[in-house]
Amino acid sequence: MIGRGVVFLFLLLVLQSQVFAHGGVVEEDDICVIKVNYLRAHFKIYQPRASGHKQFCEDLPAAAESLFVMEFMHDALQTMPIDFRIIRDITGKGRFARMDDVEAIDDLDAATVFYQAAALEPDVYSVVHTFEDEGDFIGIVSATNPASGEVYAAVFPFEVGFTGWGYWPLFIGLLILIQIQYFAMSGRLKRWFVKASPTVLMLGALLLQLPQVAYAGEFIVTYTTPDGPPEINRMHSWILYVESESGEPIEGADIEVDGGMPAHDHGLPTRPRVTEDLGDGYYRLDGVRFHMSGYWEMVVTIRSDAGEDTVVIPLTL
Amino acid sequence: MTTRTLISFVALLAVASAAWWWAHSRPPEAWSDDEVAVLESLWLESLPELPPDPGNAVADDPLAVEFGRALFFDTRFSANGGISCATCHQPERHFTDGLPKGVAVGMSKRNTPSIVGTAYSPWLYWDGRRDSLWSQALSPLEDPNEHASNRLMVIAIVVEDKSYWRMYRSLFGEAAGVDTMFSNIGKAIAAFERTVMPTTSRFDEYVAAVVAGDSEQQAALFSEDEVRGLRLFIGEANCTQCHNGPLLTNNEFHNTGLINFVGEVPDKGRVTGVREVLEHPFNCMGPHSDAVSRDCSELAFTRTGPELIGAFRTPSLRNLENTAPYGHKGQLATLVDVLAHYNAAPDAMIGHNEAKPLDLGDRELAQIEAFLRTLAAPASFAVDAT
């Protein structure tokens, strides 16, 4: 019985990936991803005037201003000129339209409703188009490899002004039911509940942290701030003192410093550097500035003949 | 049975309403020592003396202030002869213009930021693409949507105007290369802009009363809603994470997930601005700066990274009720819109919204707004000495 359940689930998963994958845009772990050949990017569509900050993956509810955003997961896309085209779906293939179908179109320009010429976008790629009419469309993203001249493309059919969900909710409901049934039978549901209980999670986190604490013991870093205690919004310097566990000063080390606020997912506003080796294990660190109050961590990486270590200095401002 | 259920339900309701009423009608608690320290840090009295601008040798020269003030209000430095710096930076509107995006010869790319107190900021513009007031002052002159002039035309006007030329020569000497003369003109405008400062608001008077321990005066200055709003501002609402210090800004860059401007792709903000300032010939390390590179620590230690995608400089909140609309494209029309936005903290369209949803109620948002209005106070600036 369980064996058959697994086979059925496997079949469903295969089906699922085929059903969800309209050409170049797929859902992966709740994140919408566009695949331009092997290069991937987060893909988001917004209809800011019609739906505010609500995110869409492919189909759009209204003929309205639509914002297509690609956040690169492969750095290579930052160096490739990218162009973006939207055509009316005249292939007759609907959901199953592929690059071959697009290439078979004689007059691509006549079918084009939006075209953004190739451009390099080093940080994030976005285009905006206001759809005049509802209907079926195909998006085509092409990226040119600057080294080989090869063109990679992604094709994604989508619908503007889709009216109903059809049998989708039923299908998804069935899928969830079967998944739950399978988990229940295999005992995974029970395991999942145990795993999710906060105590177990906390213990797990504690265990994971243990090696880090042990690792930080190789070198000891102390810092002083000659211009007075660190305060926010003031550029200042630190004097770092690096010693081994046995109290020997670490001289001539190569030191890198970075840091940030874990609670806000961001780093320092500056990039501090060690500007002077003062000798006897002392180093001058310039360009330190904190711009928010709260909990900060400074991560000091030390490389020397005596070994390598990363020391995290916590501080609250 | 049903009657008893009904009675206990009504009793429960009565107790809950009584508790609610009690919680909301009590006078606000006194400030703790920690809170007083935070209030003092936001106090205008705590504003340090204006630091020198090593890149601008005439930054604090009274003659440069006078010359710069005249240039600031002069409409001749524009393609149509009708645009001055004050067209968008209007003194009576706290040096902003009341528009979503500035309108001069054409429409500017972003909302007009205030000049008040910007002499304290290491970075200028919403995206920090300039690192001094003097280099910032030059850009709008040549921006085709703003003054739409050019450096040759600007220099020609200064040379031909007897009063301007006299002031220029006594500050900078005889005629020199185009870029040198152009940057000198920026330095004079900057000298005037350095005098544009906030003045004491009702909030500052309130902090003075708190510091003096004068509770009668505190009650006379602030309503209970304003006190509650201030407590939320420095506490639960996390506003002082970025809006800190006496100018209520850290002058740094944050992505707060604002919506795109109608018909435009989202603005990339600081991630683009930092590239521009590092390469700009009028930056602190450039040949026209009076600074030695040792003075340029902000530029030397600045950084970039994906967290700066869609990040914009924190604006000062002083006198903010006179600086509507809000946001780098003026996306938020009123303070109510601003507070609703931070309360919801939606996902950013590009990059990552640093703010977290606050889940405050309408009443609490109204209290924060009431507090923000206590920051109203006009700017002061150098006036015509003659």
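Leaving aside its neighbours within four places in sequence, with which residues is His266(A) in contact? In the predicted model, the residues in contact with His266(A) come from both chains. From chain A they are Gly260(A), Met261(A), His291(A), Met292(A) and Trp296(A), and from chain B they are Glu307(B) and Glu354(B). His266(A) itself belongs to strand β14 of chain A, which spans residues 266–267. The relative accessible area of His266(A) is 5%, and because burial requires a value under 20%, His266(A) is classed as buried.

The cysteine residues were considered next. Over all chains, the structure contains two disulfides. One of them is formed in chain A between Cys32(A) and Cys57(A), with an S to S distance of 2.0 Å. This bond connects distant parts of the chain, the two residues being 25 residues apart. Cys32(A) is located in strand β2 (residues 31–36) of chain A, whereas Cys57(A) is found in the loop between β4 (55–56) and β5 (65–72) of chain A. The angle about the S-S bond is 70°, and the link of Cys32(A) and Cys57(A) is right-handed. Cys32(A) and Cys57(A) are both buried.

In chain B, a disulfide is formed by Cys284(B) and Cys296(B), whose sulfur atoms lie 2.1 Å apart. Here too the pair links distant parts of the chain, with a separation of 12 residues. Cys284(B) and Cys296(B) are each placed in the loop between α12 (270–279) and α13 (297–300) of chain B. The link of Cys284(B) and Cys296(B) is left-handed, with -80° about the S-S bond. Cys284(B) has a relative accessibility of 15% and therefore counts as buried. Cys296(B), at 2% relative accessibility, likewise counts as buried.

A disulfide would require the sulfur atoms to be within 2.5 Å. Cys239(B) is buried, because its relative accessibility is 17%. Cys242(B), with a relative accessible area of 15%, is also buried.

Key:
Residues numbered from 1 in each chain as written. Chains lettered and ligands numbered in written order. Predicted model: local features only at pLDDT ≥ 70, side-chain atom pairs only at ≥ 80, totals over all residues. Heavy atoms only, no water. Helix = DSSP H or I, 4+ residues; strand = E, 2+ residues; numbered from the N terminus. Buried < 20%, exposed > 50% of the residue type's maximum accessible area, 1.4 Å probe, protein only. Contact = heavy atoms within 4.5 Å.
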